[in-house]
Amino acid sequence: MTIEVAAAPYAFDLDVAHAALLIIDMQRDFLEPGGFGAALGNDVALLRAAIAPTAAVLAASRAAGMLVIHTREGHRPDLSDLPPAKRRRGRFPVTIGDEGPMGRILVQGEPGHDIIPDLAPVAGEPVIDKPGKGAFWATSLGAILANRAINQLIVCGVTTEVCVNTTVREANDRGFDCLVLSDCTGSYFPDFHTQALRMITAQGGIFGWVGASADLLRALASSREG
């Protein structure tokens, strides 16, 4: 059974039994003061606005019995999976692997690499550690989705124009239908956020759908009442 969720460019027919909630990179290094994002001069409040709506979607998805998957961008402590070009790009005063207020920046096992407490995974929810921007590259995400017969993704996370957009494009090429929640995603650059969402819905939904958390929550609630 499918339920209709209001979205652009047209309604998204959600099949809860074959859908997963994918929460991308809601990590301390990106969302908390003192993390990597703040160290680069960004206003983390712009990302933190997505926390509350994402938490509501997370709770509703768990209640509906949907598969929930979390991702974290980061690298091995020896940085053997970090391309030199990625580390030096931008010529920032601090970069991946350097010491920061929450440990080594974007390194697995460090406090800053972890998911924020508001959205912490619970037992049984896969956590995908990804070395790149897209959640499919060099990870087991594709296998997990195939093993659970998932063909739809509800996408939340940060940042909209980088890891979210890259993952949605990867998913599109692999045959997944993606519903991106506009208020559950965010960018340090509001205009990038807006344009990244427009790119997804362009030309009749070239990469997927964009909706709001309230419409998804309303649809999930109505399906339970029915």
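Predicted model: local features only at pLDDT ≥ 70, side-chain atom pairs only at ≥ 80, totals over all residues.

Residues are numbered from 1 along each chain as its sequence is written, and side-chain values use heavy atoms, with hydrogens and water left out.

I begin with charge. Side chains of opposite charge can pair when their charged atoms come close. I call it a salt bridge when a side-chain nitrogen of Lys or Arg is within 4 Å of a carboxyl oxygen of Asp or Glu. The count by this rule is 10 salt bridges.

One of them joins R62 to E125, with the closest N and O atoms 2.7 Å apart. R62 belongs to helix α4 (residues 51–63) and E125 to the loop between β6 (103–104) and β7 (127–130), so this pair ties together parts 63 residues apart in sequence. Helices (H or I, at least four residues) and strands (E, at least two) are DSSP runs, numbered from the N terminus. Are these two partners buried or partly exposed? R62 is partly exposed at 32% relative accessibility, whereas E125 is buried at 13%. Here buried means under 20% relative accessible area, exposed over 50%, and partly exposed in between, with a 1.4 Å probe and protein chains only.

A further salt bridge pairs D114 with R72, at 3.3 Å between the closest N and O atoms. D114 sits in the loop between β6 and β7 and R72 in strand β4 (residues 67–73), so the pair links parts 42 residues apart in sequence. D114 is partly exposed at 37%, and R72 is buried at 18%. Through salt bridges that share partners, R72, D114 and D129 form one network.

I turn now to helix α4. Its buried residues are I51, P53, T54, V57, L58, A60 and S61. Just after α4, G65 has a positive phi of about 80 degrees.

Finally, the cores. A nonpolar core is a set of buried Ala, Val, Leu, Ile, Met, Phe, Trp, Tyr and Cys residues joined through side-chain atoms within 4.5 Å. The largest has 40 residues, and L14, L21, M26, L31, L181 and L216 have the most contacts inside it. To this core α4 gives the most, with four residues. A second, separate core of 24 residues includes A20, L67, L141 and L153.
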